Structures are given as C-alpha cells and as structure tokens.
Amino acid sequence: MDHFEYRAGELWADGVRVGGLVDRFGSPLYLYAARTIDDHIARFKAAFEALDPEIHYAVKACGNLAILQRLAGLGVGADAVSIGEVERARLAGVPSERIVMAGVAKTDDEMAAALDPARGPIGRFNIESEREPARVDAIAGRLGVRATASLRVNPDIDAHTHAYTTTGTNANKFGVPIERAEAVFEAARSLRHLELDGLHVHLGSPIQTIEPYERATRALLALIDRLEARGDAVRSLSLGGGFAADYESGQAPWAKDYARAIVPLLEDRARAGLRIAFEPGRTIMASAGVLLVRVIDVKRTPTKRFLICDAGMNALTRPALYGARHFVWPIEPGLDATPTARTFEPALAGGDAIAVEPADVVGPLCESSDVLAVDRKLPPVEPGAVLAVFTSGAYGMSMSTTLNDRPRPAEVLVDGDQTRLIRPRQTLDELLGPEVRALDA
Ligand code: LLP
C-alpha cells in the first residue's frame with residue numbers, strides 16, 4: 001500500500017502532482033510519502049499487537065532526519081549500525097534508550113560514543129562476536145555506565161534471498177554460531193558493567209517467505225530454554241528485520257501474514273515478560289519512496305532501445321548490484337498508457353491503444369552496469385520525460401554515491417498536500433569544496 005497513484009494520466013504523491021515537484025526541485029529527486037510511512041508503521045504495530053513489540057527502525061534503509069523524526073513521533077526507536085547512524089537517530093529526537101546498535105566491526109570509539117553518559121547511553125548493543133562483550137564491558141566501566149546487550153546468534157538458516165543480503169547462515173560473517181551462545185552467556189556472567197540479557201537474530205533481506213522466521217523463532221525459543229535452565233536470564237528477543245516490500249504490486253506478504261506465523265510462537269513468552277523487538281527497514285520505507293529521473297536522450301542500437309537518464313546506479317544502486325527489479329514508468333503517461341498495476345508485464349488502462357516496447361532504462365555513468373531497468377516493456381518515451389522508479393524509498397538514497405562526480409539527489413517529503421524539501425540537492429561546492437580547501441591549506 002502506498003500513496004503514489006496515477007490520476008487522469010499523471011502521477012500523484014498523496015495530494016501533490018509529481019510533475020510540479022520535478023519542475024520545482026529538479027531531478028534526480030527522491031520523493032517520499034509521509035502517510036505511507038505512517039500507514040506502514042500502523043499496520044506493523046497492529047499485526048504484532050499481541051506481542052506489544054518494540055520497533056527499532058533500521059536507519060540504514062533511509063536515514064533522512066525528517067523521516068527519522070516522523071518515526072520517532074510514532075514511538076519508533078532506531079536500529080543503528082554505526083556511530084553515524086546513532087548520531088542521526090539522536091539528532092532526530094529518538095531517545096537514547098530506544099536506540100540499539102549492531103554492527104560486526106564496532107570500534108572502541110564508536111562504543112564509547114554510543115555509551116556517552118552526557119548524551120545518555122544507548123538502550124542496547126547487539127553483540128556480534130565472542131570478543132565483544134568484554135570490550136563493551138571495559139568501555140562501560142571506563143565511562144562509569146552500565147551497558148545492556150543482546151547476543152546476535154547465527155542460526156544457520158537460509159532466508160532464500162540474494163546471496164549479498166543473506167546474513168543468517170554459517171557462510172556469513174554475522175553474529176555468533178548458535179551453538180556457541182551458552183558459552184558466551186557464561187563468559188559474560190563475570191562482567192560488571194555489561195548485562196547480557198537478550199538474543200537477536202537477523203536472517204537477511206528481503207525475506208519473501210514466512211518459514212525462515214518460524215524456524216529462527218523456534219530455534220531461539222529452544223535456546224532461551226537452554227539458557228534459562230543454566231541460570232541465565234533472557235529478557236529481550238529481537239527477530240531483526242527483513243520483511244519484504246512490493247517491488248511488483250501484491251508481491252510481498254503483509255505484516256499480518258508474517259505475524260500469523262510468528263505471534264502464536266511468542267505470545268505466551270511475551271505475556272510472561274519477554275520483550276519482543278523487530279528491526280524493520282524496507283517494509284516501512286521501500287514503497288514510501290520513488291526516485292524521479294529525467295530522460296536526457298533516447299538511443300537505439302540494432303538490438304536495444306535505451307532511455308538514458310540523468311541518474312542511474314549512482315542514485316539507485318540496487319539494480320546494478322543485486323539485479324533488483326523496480327517498476328519504472330513515466331510520470332505523465334497520459335490516460336491510455338496508465339498502468340493498471342505495477343507489474344513487469346504491464347496492462348494499460350487504454351488496452352492495446354498504446355504499444356509497449358522493451359527498453360533499458362540506464363543512467364549517465366561510464367560503465368554498462370549503470371542500469372535502472374533492463375528489457376522492460378515501456379510506452380513511447382521522448383527526451384525530457386520524467387520517469388518514476390518505484391519502491392525506491394529503502395536502500396535508495398542511503399546507498400547512493402557520487403560516482404563520476406555526480407552530486408547526490410535532493411529529497412522531498414510529501415504529507416497530504418504539503419511538500420517539504422528534507423535534503424537539498426548536493427552542490428558542486430559541497431562535492432569538491434573540501435578538496436579545494438585542502439589544496440589551499
Ligand atoms: N537488522 C539488521 C541487523 C540488518 O542487517 C538489517 C538489514 C535490518 C535489520 C533491516 O532489514 P530490512 O527490514 O530493511 O529488510 N541493501 C540491501 C539490503 C541490505 C539489508 C542489510 N541489513 C538492498 O538494497 O536490498
């Protein structure tokens with residue numbers, strides 16, 4: 001569900017005509033619909049209501065401060081994986097105790113900044129290695145604070161997603177093998193400044209099926225039984241993120257579909273006091289955002305039609321990196337060429353009146369990996385047209401680069417008929433200024 005829809009042949013974002021926004025803010029442009037974000041949080045909360053879970057939004061999906069602020073206003077905490085993300089969450093007004101910090105390579109400086117007594121120590125670390133508890137303990141001791149942590153266990157469960165985003169198998173660097181968990185808890189008993197009292201798991205992203213969550217939940221519940229039998233208390237259980245998003249209409253399970261399988265397994269424990277937590281990123285933000293790019297040129301080769309745009313993998317890396325497929329369509333296709341759903345074999349409102357023809361939607365960069373969509377059926381498109389790359393709100397802007405010295409896009413948030421520039425387009429001075437000043441220094 002999202003607030004992007006075609007009306008009378010033009011794309012609207014909630015109460016605002018998208019074409020007007022491109023005229024005003026230029027392209028490439030990331031555009032987010034605030035009410036979609038609210039709606040996704042509400043649905044997630046409702047689905048898992050019986051567990052009364054803590055929701056720690058995965059900042060890495062889209063960390064814009066205005067968006068984090070909106071989420072903080074909905075009572076959502078933050079899952080951060082660097083001190084930069086912790087700082088973002090704090091700046092957006094997420095209370096320190098609602099921030100959890102994961103990451104396989106936390107440095108001492110990062111741990112110390114996360115525990116800073118003046119800022120308020122973060123609520124919890126997700127421990128990723130056997131060495132980490134003692135490191136956190138030492139830093140907490142030095143700062144005179146107590147740290148709380150969960151152990152991220154790796155249950156060796158395949159989430160059946162892209163190899164690059166699979167994180168819960170023995171082939172991955174994340175967490176501690178589940179069979180080592182008891183030993184880690186035992187070793188942590190003697191630590192005076194760290195309380196290890198929780199478990200964490202994250203299997204990968206996006207996870208299109210429910211079964212990996214079920215298996216992981218069962219494995220962790222069995223582990224909790226074993227730990228408790230040894231006298232170790234487990235007060236918190238986080239099942240991570242990984243919930244899918246609609247890259248094609250109707251593709252992803254709903255929060256309630258995941259909940260139907262997960263809630264019954266955890267309900268009794270939650271009622272007995274176990275705090276359940278989730279770290280959703282993609283499912284909250286993906287379909288809340290579109291990337292808007294302008295077609296600069298249209299080129300034909302004997303075998304291809306290329307729509308060459310003012311941004312490609314520099315703005316949205318996912319198609320180039322993972323072969324990810326995003327629905328792409330002109331923002332002003334006209335009535336007949338309005339798609340009836342976001343599917344890669346699109347049906348048009350005007351039936352066969354408009355002929356669709358394959359095209360590669362590509363960017364300006366100097367390599368052929370620079371694609372936004374490959375061999376996609378699209379209506380006729382002329383230079384100057386603006387295309388929307390849908391479901392780009394998660395891992396879009398946050399993975400963007402300045403490759404080929406292309407400034408990063410602007411970000412705009414729409415709320416009803418209100419529009420807010422939440423990050424101006426990067427200027428050439430911001431891009432090049434630091435080096436110019438270093439030359440002069
Ligand atoms: N928790 C942990 C520990 C994670 O590593 C991640 C994502 C999340 C939560 C949030 O997962 P989500 O709910 O967003 O699926 N760049 C890739 C996705 C990388 C995900 C990394 N970890 C992409 O564009 O598909």
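Biologist: Why is Ser238 called buried?

Modeller: This is a predicted model, so the value is computed from predicted atoms. Ser238 has a relative accessible area of 6%. Buried means under 20%. So Ser238 is buried.

Biologist: Where is Ser238 found?

Modeller: In strand S12, residues 236–238. The C-alpha atoms of Ser238 and Asp297 are separated by 48 Å. Along the chain, 59 residues set Ser238 and Asp297 apart.

Biologist: Why is Leu428 called exposed?

Modeller: Its relative accessibility is 51%. Exposed means over 50%. Leu428 therefore counts as exposed. Its place is in helix H12, residues 428–440.

Biologist: Which residues make the nonpolar surface patch with Leu428?

Modeller: Leu432 and Val436. With Leu428, they make a patch of about 250 Å². A patch residue needs over 30% relative accessible area. Leu428, at 51%, clears that cut-off.

Biologist: Now the charges. What makes Asp38 and Arg70 a salt bridge?

Modeller: The N to O distance is 2.6 Å. The cut-off is within 4 Å, from a side-chain nitrogen of Lys or Arg to a carboxyl oxygen of Asp or Glu. The side chains of Asp38 and Arg70 meet that test.

Biologist: What does the Asp38 and Arg70 pair tie together?

Modeller: Asp38 lies in helix H2 (residues 34–47) and Arg70 in helix H3 (residues 65–73). So the pair ties together parts that are 32 residues apart in sequence.

Biologist: Why do Asp38 and Arg70 count as partly exposed?

Modeller: Asp38 has 22% relative accessibility. Arg70 has 23%. Buried needs under 20% and exposed needs over 50%, with partly exposed in between. So Asp38 counts as partly exposed, and so does Arg70.

Biologist: Which residues are linked in a network of salt bridges?

Modeller: Asp14, Arg35, Asp38, Arg70 and Asp415. A search of the whole structure finds 35 salt bridges.

Biologist: How do you know that Arg269 and Glu228 meet in a salt bridge?

Modeller: Their N to O distance is 3.4 Å. That falls within 4 Å, so the label holds. Arg269 lies in helix H9 (residues 255–271) and Glu228 in helix H8 (residues 211–229), so the pair ties together parts that are 41 residues apart in sequence. Arg269 counts as partly exposed at 21%. Glu228, at 39%, counts as partly exposed as well.

Biologist: In which sense does S15 run with S17?

Modeller: Parallel, joined by 3 bridges. Ile308 stands opposite Val362 in S17.

Biologist: What is the order of the open sheet of 3 strands?

Modeller: S1-S2-S3, with antiparallel pairing. S1 (4–7) and S3 (16–17) each have a single partner strand, so one side of each is left without a neighbour in the sheet. Strand S2 (residues 10–13) is joined to S3 by 2 bridges. Ala13 stands opposite Val16 in S3.

Biologist: Last, how much space lies in the largest pocket?

Modeller: About 680 Å³. Of its 34 lining residues, the closest to the centre are Lys60, Thr167, Phe174, His202 and Tyr395. Helix H10 (282–285) and helix H11 (318–322) each supply at least two residues of the lining.

How values were computed: Residues are numbered from 1 along each chain as its sequence is written. This is a predicted model: local features need pLDDT of at least 70, side-chain atom pairs count only at pLDDT 80 or more; totals for chains, interfaces and linings use all residues. Side-chain values use heavy atoms; hydrogens and water are left out. Two strands pair if DSSP finds at least two bridges between them. Helices (H or I, at least four residues) and strands (E, at least two) are DSSP runs, numbered from the N terminus. Patches are made of residues with over 30% relative accessible area and no salt bridge: like charges are joined within 9 Å, nonpolar side chains (Val, Leu, Ile, Met, Phe, Trp, Tyr) within 5 Å. Accessible areas come from the Shrake-Rupley method with a 1.4 Å probe; for residues, only the protein chains shown count as cover. Buried means under 20% relative accessible area, exposed over 50%, partly exposed in between (1.4 Å probe, protein chains only). On a 1 Å grid over the protein atoms alone, a cavity is a set of points where a 1.4 Å probe fits but cannot get out, and a pocket is an open set with protein on both sides within 12 Å along at least five of seven lines; lining residues have an atom within 4 Å of a point. Grid points are joined across faces, edges and corners, and a volume is the space filled by probe spheres set on the points.
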